[in-house]
Amino acid sequence: MTILLEVSQTGWGLFFGRFHPVLVHLPIGMLLVAFVLEALSKHRRLAILGAAVLPVLIFGAVSAVAACVAGYLLSLSGGYDDGALALHMWLGIGVAVISVLLCVLRRYTLFKKSWLAVSGVMVLLLSAAGHYGGTLTHGDDYLTAALPLGKKKTAAATLTGPPEEIKVYDQLVRPVLEQKCYGCHNEQKLKGGLRLDGIKHIQEGGENGPVLKDSLPEMSELYKRLVLSEDDDKRMPPKGKPQLNPQQVEIIYWWIAQGASPTATVKDLHKTPRIQLVLESLQPSRGGEANPFIPEAEAGAPSEKDVEALEAIGVKVMPVAAQSGYVMINAINAAAFGNREAELLLPLKSHIAWLKLSNTQVGDSALAAIAELPHLTRLHLENTAVTDAGLPALAASKSLMYLNLVGTKVTGKGLQALHQNKALREVYLYKSAVTPAEVTTLKQRMPRVKIDTGGYHMPVLATDTLVFRKEKKS
Amino acid sequence: MSAKLIKEANEQAARYFSRRHFLQNCVTGLGATALTSLLGGCNLFSSSGNGGGMPQSLNPLDPKAPHFPARARSVIYLHMAGAPSQLEMFDYKPELQKLHNQLCPQSLLEGKKFAFIRGVPKMLGPQANFKQHGQSGAWVSDYMPHFAGMVDEVSFLKAVQTDQFNHGPAQLFMHTGSARLGRPSTGAWVTYGLGSENSNLPGFVVLTSGGKTPDAGKSVWGSGFLPSVYQGVQCRSKGDPVLYITDPDGMDRDLRYQSIQAINEVNKLEYEAFSDPETLSRISQYELAYKMQISVPGVMDISSEPAYIHELYGTQPGKESFANNCLLARKLVEKGVRFVQLFDWGWDAHGTDEHTAVDLGMRNKCREIDKSITALLLDLKQRGLLDETLVVWGGEFGRTPMQENREGKEMPFLGRDHHAEAFTMWMAGAGIRKGVTWGETDEIGFSAVKGQVAVHDIHATILQQLGFDHEKLTYHFQGRPFRLTDVGGHVIKEIIS
C-alpha cells in the first residue's frame, strides 16, 4: 500500500495531472466566448462574427479534452470525496464531448438551426462542472461562507465564561482544526483519506492509519506532523498554507497528551505551566483584581429599547466595560430627570450597577424605584430633593456600597434606617442636615460604614503667608 | 490586519486630499465623487435623526466603554513644570546632610552626563526639615506642612525614573510617552478611549497657572496622530475662560446657532464624500463650542463658590493662579470632565537667582501649592469624588543631590541640577492604596535601588485605573498600532488596592 502510494505520488501521471487547474480555465473561457459569438452572430449586423466561432470552438474543445485527461490523472492521487469527484468528472467529460460534437456540426455545416441550442447546453454543463470543481478544491461552503446575509460562523478567538468550564475539544481544539485543517480534510476533500471535521473522523484516522496514539502526542501523526521541518513533505499544514501558531500547537499537544477526550473541560485535565500560559492568553483581559463595585455574576446585554428610552431624554447609559452587561448611568445632561423618569430605570433593573443622578429633580419617590435595582453598587444623589422620607427604601437596596447624599436635606434621624443595609460601605453627607451629635450615633450604629460629613479645615500656620527672600546685607 | 491598513490608508489619503488636489485630478476626482454619491445610497451613516447635528454613532466624543470596569471616572494630573526637588519635599536623606559641602565622589560622576553640572560639584544636604506623618509614617518636609496631613490618602512613588534630563523632551515623555514630538498626550488617549460623559463640556481640559507655559509647548496636551478632537482644551481662570468663546457684537445666539447648523450641514456632505475623520472632529468641535458658550462660563466661574471654599483653597476669583486651577479642577470633575491637566511653573531650582534657590524660591513655590493641593484632596474627599477621581502629582524629572556648579563655577544661590535617575511622584484616590510608599533611593538619593518605576509605568497605571489594558488601547498609524506606553509599561500593582 505504502509503496504503491509512493509511486503514484511522484509519477509522470501525477505531474501532468497537476496541470489540471491550469488547463481547465482554457475551455471555460474559450467555450464561453464561442457561445457568445454564436449568439451575437444571430444579429444581422453582426453575422460576420459567425466566422470566428469555429476556430475558437476547436481551441476550446482541444483544451477541454486535455483538461479531462489531466483531471483524470490528478484524481488518481486520491483524497477527494468520491461522489463530488464523479459528478465533476462526468460533467467535464460531457463538456468535452459536446464541444467536439459542436466542432463537427460547425465544420460540416450540419443542423445549422441547433447550433445555438447545443452551445447553450454546453455552457450549462460547463458551469456545473466548474462549480463542482470549485467545491472539490475549496469545500462546499466556500461561496456561501462569504455571503454577507447568512449567519456568520465565528471562530472562537477569545473565550468567555469561567476558564475552568471551557470544553477542551469544542472550544479549544476544534476551532484550531477548523481554521487550519478543515480546508483539505473535509467531507469533499479527504487528503490522505483523512477527515478532521468531527471527533469521530479524527478517531477513525486516514488511509495511513490512525492519527492519534493514546495520550502520546509524540507518536500521534496529528501532532507529529505539525512540528516537522517546514521542508518535510509530511509537514502539516503543507508549506505555503497558513500554519498553526505555537499556542495552537501547544493546545493540540496538551489535548492529545491528556487523552484526546471529546468532552473534557479544562478543570478535568491536568494543566502544565505551558498550557496555563496559553489558556490565560485566550482569556479576555480583566486587568488585575476584580472591581469591587461590579457583581461577580455575569449579566446579559441590556435591551436596546430600554437603553434608548433613557437616552432619548438625554441620560447617558454606558456599559461599565466593553464585554459587560452591567451599565453605568449618568444624568449629567438631563437636569429635568425626575421621579417619573426614574421609572425608566426599572426595565434595566438587572443591569444597573452605577447610577449618577446628581443635580437632577429626583426626590423621595424615586428612591422606591432605585431600591429595586438589585445590582446597584454606587448611587449619586448630590444636590437633589431627597429627604429622610425616602431613605427607608434604600435600606433594602441590597448591593448598595457607595451612597452620596452631599447637599441634600437628610438628617441623622432618616439615616438611622440605613443601618439595616449590610452592603453599605461609604456614605457622604457634606452639606446635609446631619448634626455632629447624630454623626457620632450613626458611626456607632454603623461601624463598618465610612461616614464623611466633610467641612474640612486646615490649621492656620505662620508659614502660610511667609515669603522667603534673600537676606539683606546689614 | 490588511483591512486596518486599508482603513488607515484611506484616512491618510483623505487627510491630504485638499481642494487643490481635487481640481488637479478633476477627471478622476469627479469619478470618485460620482461613485461615492452612488455608494452614498447604501451608506449606513448617511441618515441622521438628531436635528442636523452629526449622527450619534459618529460623534467622536460619545462616551465609550473601557476594557474592564474602571475605578477612576476622572483624572486630575498636577504637573510642576521645571521639576521640583524631591530632596526638599519627600525623599528624606539624612546621610546627604552629613556630606553637605563635601566634593562629590568620582564614582557618582563616572559615565554620567548632567545638564549643567561640570567638573566635580559639591554635595548639597537637604534644605528642609523632615518629619514622619500620619499612620503611615511617610516623610514630608516642612515645606509642605498642610499636605503632610494628607499622607494617609496617597501612595508615594519614590523611585520614578526617566531617560530625559532636559525639560522639553522630559515633559513630552511624561505626557505623551515619547520624548519626540508627534505622539498624543495621556489626556488625548483617555478621551479617545472614553469619550466625554458631559456632552456640553470637552473631555480633556488644560489649566495653566499663568507665567511660563511648559517648555514642550502645547504638544504636552496635543492629540498627535489621533483625531484633533481629542486634544486638550486650554481654559483660563482670568478673562474669557476659553478664548473667542463669546459672541461678537451683533451676533445673537439664534444666528450663531443657525450659522453653525449651516456649516455643519456642509461639513456633513464633506464627510459623506471623503470620509475624513478630521471632518467629524470639525463638526463635533463646532457643536461643542456652541454648547460651551453656555456651559463653560458657568463651570469656570469660581466667584459663586462659598467663602469657606475660597478660604480652604486660598483662591482669589479673577486671578490666574494654581489655587484657582485646583478649585476649577474639582468643579470640572464634578461636571464629568474626564481628564483635567494642571501645569504649574517656576520649579526649575538651579540656584541662579533667589527665585530658583531651593531654600528660597522653591520654598515659596511649595507654599503656593501646599494649601491648594491639600484643599483639592479634602474637597474631593468630602464630596465623595476622591473615590472615583485619580489625582497624580509630579514633575518631569527630579533634582541632583549635588549642588549645581554651572560652568564649573560656584553659584550665588543653592540650587540643584536636573536628575533623571530617581525622583518622587504621588497618586491618590480612585482605588490607589492609601498611605503606601513604594520605591527607595540610595542613602543620598542619587540612584533608585528598589521599586523603580518607569514613566510608561505611570501611564499604564493611570490607564489601568480608568479601565484600560494599556497594551490594548491602540491607534493605527503609519502601518502599525501605536499605544501610549510604546513597548513598555507595567501597572504598578503595589499601589493599587
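**Exercise 1. Trace the sheet in chain A: in what order do its seven strands run, and which strands are at the edges?**

Step 1. The order is β1-β2-β3-β4-β5-β6-β7 (chain A), an open sheet with mixed pairing. Strands here are DSSP runs (E, at least two residues; helices are H or I, at least four), numbered from the N terminus, and two strands pair if DSSP finds at least two bridges between them.

Step 2. β1 (316–319) and β7 (450–452) of chain A are the edge strands, each pairing on one side only.

Step 3. Now look inside the sheet: β4 (residues 378–380) and β5 (residues 402–404) of chain A pair in the parallel sense over three bridges. R378(A) stands opposite Y402(A) in β5(A).

A note before going on: this is a predicted model, in which local features need pLDDT of at least 70 and side-chain atom pairs count only at pLDDT 80 or more, while totals for chains, interfaces and linings use all residues. Residues are numbered from 1 along each chain as its sequence is written, with chains lettered from A and ligands numbered from 1 in the order in which they are written.

**Exercise 2. Find how many residues of chain B are in contact with chain A, and which element of chain B gives the most.**

Step 1. Count the contacts (C-beta atoms, placed from the backbone, within 7 Å): 36 residues of chain B meet 35 residues of chain A.

Step 2. Sort the chain B side by element: α12(B) gives the most, with eight residues.

**Exercise 3. Pick out the contacts of A329(B), leaving aside residues up to four places away in sequence.**

Solution. A329(B) touches I76(B), L207(B), V340(B), L342(B) and L376(B).

Technical notes. Contact = placed C-beta atoms within 7 Å.
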